[in-house]
Amino acid sequence: MNIILTIAQGAYQKVIKSKILYVIVVFCLLAIAYSTLYSAVTAGEETKLMKDIGLAGIAVAAMLISIMVGSTAIPTEIESRTIQTLISKPVRKHEFILGQFLGAVYVALLSIAIMAIGFIIILAIKTHALNLVMFRPLILVCFEAIVLVAVSVLFSTFCSSMVSSILAIVVYIAGHLSYQIPFLVEKAGNAVTKFAGLLLYYILPNLQYFNVKAPAAHGIYVPWGLIFGVILYGVIYAAIMLLVSLVIFKNKDFA
Amino acid sequence: MLAIKTEHLTKIFKGREKETRALEDLNLQVSPNQIYGFLGPNGAGKTTTINVLLGLTAPTTGTAWILEKQIGDIEIKQKIGFLPQSPYFYESFSPVELLNFYGKIFKIPRKERCKKIEELLDMVGLTDSRKIPLRKFSRGMLQRIGIAQTLINDPDLVFFDEPIAGLDPVGRKEVMDTILNIKKQGRTVFFCSHVLHDVEMLCDSIGILHKGQLIVSGKLKDLLKPKESLEEYFLKSIEKKGG
C-alpha cells in the first residue's frame, strides 16, 4: 500500500504544477461569479439560475480535469520513459496503475473541492444563507469524476493520451445518453441490433445516475439512499475498469 | 556467486512485416565487485539485455539470474540500481524531491532517507542545486542526479546504460570518477558504452555484443595484447564476425 501511495503522491505532484488545471478551475469559478450578474434579467429566478450554472459548470470542469489527468497519467510516464526507472525499482505493475489512478483521482477531487467551496461561498454571499444541501449533487459529481478517471486510465493503457482523451469524452457523452438505449432497442426489429444495443447499454457507464443537479437546483430533495446507491454503482464500475486496465498492462513491455 | 548470469537468452521483437532478433542465445556471466563493460555497435542488443534483466521486457526464450535470483523476482530489485540511457525524471521535481520519492519506493525510513539524500547529493556534487527543478538542469547534472538515484537503496549491482554519452569532457570525468567510487564501495557495475577509451580506463572485464550475440567476454588484461588499445581489439573482433 505504501508504494501505491508513494506513486500516487508522485503522480499528484507531477500534475498539480500544470497550468491548464488552474485555468479550468479559475474559469469555472469566474463563470459561477458571472452568473450572479444575471439577477437583473431573471427577477426571482436568480438563485435557481446560479445553482444551475454553478453545478453544471463544476460538472463540466470536473469532467475535463478527470479526463485530462486520467488520460495523461500513464502515457506521459511511458513517452517520457520515466516508467523505466520506476519499474526497475521494486514496483509491481498493478501498484503502478493503482498509484497513477489514485494520484489522478486526488487531483480531480481536490479541484472539485476548490470549485465547490467557491460555489458555496458565492451562493452564500448572494443568498445570505449556507446552501449545504448543494453538497449532495456535488458528491455525485465527485464519483462521476472517479468513474471518468478509471475509464481514461483504461484507455491510456493501450492508447496515446490524445486518443484516450477523445475516447473518454465519447464515453462521457454516450454515458449520459445511454439510459435511452433500452427504449430504442424496444423499437428495433432486428435481433442483432437489439443484442448490440443492450450490450452497449451494459458496457457504457450510466452517467445519468450521477446527474441530480436539476432537482437539487430546483430545491427537490435528493434522498441519501439514492446517493449511496449511485456511489456503490460508481465504485463497482471504476473497480471493473481498473481490473481490465491491470489485465491489459500486465503484459506490456517498456523496452 | 555471480552478479549476473544469463542462459540462452533470446529476445525477438515481432513487427508487422518482419521480426527482429535483438538477442540470440546470450550466455553471459558477470562476477561481482568489478566494473563490467558491455560493448557493441548501435543496435547490437545492449539496451535490450539490460531491459530484459530489469524486467522491463520479457525474454522470448531463456532466462537469467541477478545476484542468484531469477529475473522476475521482485526482491532482486531491492538490491539493484539502474540509470537508463538519457535518463528522464519528473521535470518539476527538485533533486531532493526525486531522491525522496525513490527512497520512499524502497521504504527507507524517513531519518535514514534524509541522511542518505544528503550524502548522495554531496557525492554527485549537487548539494547547492538541491531545490532547483530538474527541468533547469544541464545534461551532465541530470546524469549526476540519475547516478544518485541509482544508489538510494545501497544496491549491490548497478546498471548504467551509456552514462557518459553526450557529456562534455568535464562531465565525463565527473561521471567516471563517480563510477570508480561506486566500485570502491564494493558494488558491481554493469556498464554499456560506445566510448571505448573511457571503458578501457574504467572496466575490469568486458563483453562484446554483435547482432545480439556475445562474441567476446573476459578480463580486459587477458584480452588485450601489449600496446593494443580496446578500440583496435573491438574493431578486430567485430570484423572477424563479419561486421
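**Exercise 1.** What radius of gyration would a compact globule with 255 residues have, and what is the value for chain A?

*Solution.* The model is predicted, so local features need pLDDT of at least 70 and side-chain atom pairs count only at pLDDT 80 or more, while totals for chains, interfaces and linings use all residues. Residues are numbered from 1 along each chain as its sequence is written, and chains are lettered from A and ligands numbered from 1 in the order in which they are written. The radius of gyration is taken over C-alpha atoms, and the globule rule is 2.2 Å times the number of residues to the power 0.38. For 255 residues this rule gives a radius near 18 Å, and chain A, with 20 Å, agrees. Along its principal axes, the C-alpha trace of chain A spans about 65 × 55 × 30 Å.

**Exercise 2.** State how many helices and strands chain A has.

*Solution.* Helices (H or I, at least four residues) and strands (E, at least two) are DSSP runs, numbered from the N terminus. Counted in this way, chain A has 11 helices and zero strands.

**Exercise 3.** Describe the side of chain B that touches chain A.

*Solution.* Two residues are in contact if their C-beta atoms, placed from the backbone, lie within 7 Å. By this criterion, 24 residues of chain B are in contact with 21 residues of chain A. On this side of chain B, α1 (46-53) and α2 (95-105) each supply at least two residues, and α2(B) gives the most, with four residues.
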